[in-house]
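Here is a short briefing on one protein model. It starts with a residue in a loop and then widens to the fold.

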Amino acid sequence: MPIRVLLVEDSRIALVILKRILDSSPEIEVVGEARTGLEALKLIPKVEPDVICTDLHMPQMDGLEFTFQVMELYPRPILVISVSVQEDDAKHVFELLEAGAVDIFPKPTAGLAANDELFKEELINKIKILSGVRVFRKKRKSPSQLNNLEADNFYDFVYKSYIKPKIVVIGASTGGPQALKKLLTQLPADFPVPVICVQHICFGFLQGLIDWLATSCRLTIQIAQVGDMPKPGKIYFPAEQLHLELDIWGRFICSDSPPVAGHRPSVTVSFESVAKFYGNATVGILLTGMGRDGADGMQAIAQAGGFTIAQDEATSVVFGMPKEAINLGAAKQILPIEAIAPKLLALLQQTS
């Protein structure tokens, strides 16, 4: 059965081009087209799409309100297609992710073209990935309840096996912005170690991600600068399209060396570098994402004696990256996203 796609786009030209691109794939069928969110809402129960692609700025009902309505009435994986270079767009795109959209795909800044082979290939691949995503909501226990369920065993295990951490490294891909927000907003303003985050994200959206996280996070969030030492209480992201590593003195270095597993920045590159410098004082956390980037890096942290956590399948938008790390035996704990920050804080309460 082909993947059923609903296109929501107020530009008639863009709508024609997107349909032409998707029609070129035998695995995808465009089952509906709408020029406003209001029009699209009426179509959903009629055409039953597997994936919805929506623009951001539309008349009558914009992409944000449309996403809220879809997730309340007809939950489906939503791909936001937006021009990435506009600052206001970046802010609103992350509001859409918070509302329930799954991923972002930037329109070319020079405009859409049906013969843009790279755009065509990437868009089709995104839709194939999203067609397997589960977006229905489940009522889960609160973080405090989750923490209490295993607290005694966890403390015994941690105190006997691990030293107090000196750094935390986090990797994420599809579904990562939402997962990062849930995790990072639980960290207190006096968090005692640096945090490095590597998030696969389309070019042009990194600053928007940082600004969006900063509105609800108590820690300072910034792009890592070459030569700086990671400082406690700060969250660092690699610059766009650069690997982030540490030199022999523990200072940040950035590299434009080839992508690893198709990614630059690569989670594995950062994980391995941090493990090499900090050893068993490293905590590695691998969140939701497609592919296997980060799995080998997580294994490097585990082999160095560090503590490793993988997000569980039930709370992952895509259980690719965490699953690969688990299959390697690299994850010391597998936890729902709500429980990761409490476990991290418990780990840091050690006195050794």
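Ala261 is exposed, with a relative accessible area of 56%. Here buried means under 20% relative accessible area, exposed over 50%, and partly exposed in between (1.4 Å probe, protein chains only). This is a predicted model: local features need pLDDT of at least 70, side-chain atom pairs count only at pLDDT 80 or more, and totals for chains, interfaces and linings use all residues. Residues are numbered from 1 along each chain as its sequence is written, and side-chain values use heavy atoms, with hydrogens and water left out.

- Most residues other than glycine have a negative phi, and most peptide bonds are trans.
- Ala261 has a positive phi, near 55 degrees, and is not glycine.
- Ala261 sits in the loop between E11 and H9; helices (H or I, at least four residues) and strands (E, at least two) are DSSP runs, numbered from the N terminus.
- Pro265 lies in the loop between strand E11 (252-255) and H9.
- The peptide bond joining Arg264 and Pro265 is cis, with omega about 10 degrees.
- Glu48 also has a positive phi, near 45 degrees.
- The loop between helix H2 (37-47) and strand E3 (51-54) holds Glu48, which is partly exposed at 43% relative accessible area.

**Helix pair H9 and H10**

- Helix H9 (residues 267-278) packs against helix H10 (residues 295-303) at about 10 degrees, with axes 7 Å apart.
- Axes are lines fitted to C-alpha atoms, for helices over the stretch in contact, and angles run from 0 to 180 degrees between N-to-C directions.
- H9 and H10 are therefore roughly parallel (under 35 degrees; over 145 is roughly antiparallel, 65 to 115 roughly perpendicular, the rest oblique).
- From H9, Thr268, Phe271, Glu272 and Ala275 meet Ala295, Asp296, Gly297, Met298, Ala300 and Ile301 of H10; contact means heavy atoms within 4.5 Å.

**Cysteines**

- The structure holds zero disulfides, a disulfide being a pair of cysteine sulfur atoms within 2.5 Å.
- The closest cysteine sulfur to that of Cys197 is in Cys217, 8.7 Å away and too far for a bond.
- Cys197 is buried at 0% relative accessible area, and Cys53 is buried at 2%.

**Whole protein**

- The protein has twelve helices and 14 strands.
- Of its 352 residues, 55% count as buried.
- Among contacts between residues at least 6 apart in sequence, 73% join residues at least 24 apart.
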